[in-house]
Amino acid sequence: MSSAPENSVPDHHQSFLAFDYGLKRTGVAVGNRLMKSATPQGTIAAEGDARFEHIAKRIKDWQPDALVIGVPTHPDGGEHENTLRARKFGRQLRGRFGLAVYEVDERYTTTEAHSYGAKDADAAAAAIILDQFLRSIP
């Protein structure tokens, strides 16, 4: 897995599926490099292997070139338990689906989604994560 510093995302990675990982719910968004925009695609309310069944369907439907995950940290950038969980989730995605997985700092994305009045804050947070990622690449 890698963060998305400029020029580290190959040109052939054009379409992306992003996830705002949570223990009980995982927000999903889709977007592409050309339009530099992301659209929320609902929330997966499942855990464990059941979560991956839903993700497999989304990957089959959208056929992304790569995946993006939000990785939470403390305000000072320090790691905590959910940081490790999100990174493990990213490794599982890469292992199960064979797609590149990019990490994005997701501090405050759910708070931002709530401030916009999002009905599905997890999916809206995934879209914010993907928007941040898309803006970070040429």
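Which residue in the turn between β3 and β4 has a positive phi? Let's find out in these views of a predicted model.

**View 1. The hairpin of β3 and β4.** Lys36 is the residue to look for: its phi is about 50°, and it sits in the turn of a hairpin that has four residues between β3 and β4. Six bridges link β3 to β4 (residues 37-44), and the two strands pair in the antiparallel sense. Look for Asn32, whose bridge partner in β4 is Ser37.

**View 2. β3 with its other partner, β2.** Here, too, the strands run antiparallel, with six bridges joining β2 to β3. Across the pair, Asp20 stands opposite Gly27 in β3. Because six of its seven residues are buried, β3 is largely enclosed by the rest of the structure.

**View 3. The largest nonpolar core.** Nonpolar side chains tend to be buried together in soluble globular proteins. This core has 18 residues, and those with the most contacts inside it include Leu17, Phe19 and Leu67. At least two residues of the core come from each of β2, β3, α1, β5 and α2. Setting aside neighbours within four places in sequence, Leu67 is in contact with residues including Leu17, Phe19, Ile59 and Leu93. Another core, of 16 residues, lies apart from this one, with Phe16 and Ile137 among them.

**View 4. The largest pocket.** Its volume is about 230 Å³. Asp20, Pro72, Asn82 and Arg107 are among the residues that line the largest pocket. Helix α3 (residues 109-115) gives the most to this lining, with three residues. Sorted by class, the lining has four nonpolar, five polar and three charged residues.

How values were computed: Residues are numbered from 1 along each chain as its sequence is written. This is a predicted model: local features need pLDDT of at least 70, side-chain atom pairs count only at pLDDT 80 or more; totals for chains, interfaces and linings use all residues. Side-chain values use heavy atoms; hydrogens and water are left out. On a 1 Å grid over the protein atoms alone, a cavity is a set of points where a 1.4 Å probe fits but cannot get out, and a pocket is an open set with protein on both sides within 12 Å along at least five of seven lines; lining residues have an atom within 4 Å of a point. Grid points are joined across faces, edges and corners, and a volume is the space filled by probe spheres set on the points. Ala, Val, Leu, Ile, Met, Phe, Trp, Tyr, Cys and Pro count as nonpolar, Asp, Glu, Lys and Arg as charged, and the others, Gly among them, as polar. A nonpolar core is a set of buried Ala, Val, Leu, Ile, Met, Phe, Trp, Tyr and Cys residues joined through side-chain atoms within 4.5 Å. Buried means under 20% relative accessible area, exposed over 50%, partly exposed in between (1.4 Å probe, protein chains only). Contact means heavy atoms within 4.5 Å. Two strands pair if DSSP finds at least two bridges between them.
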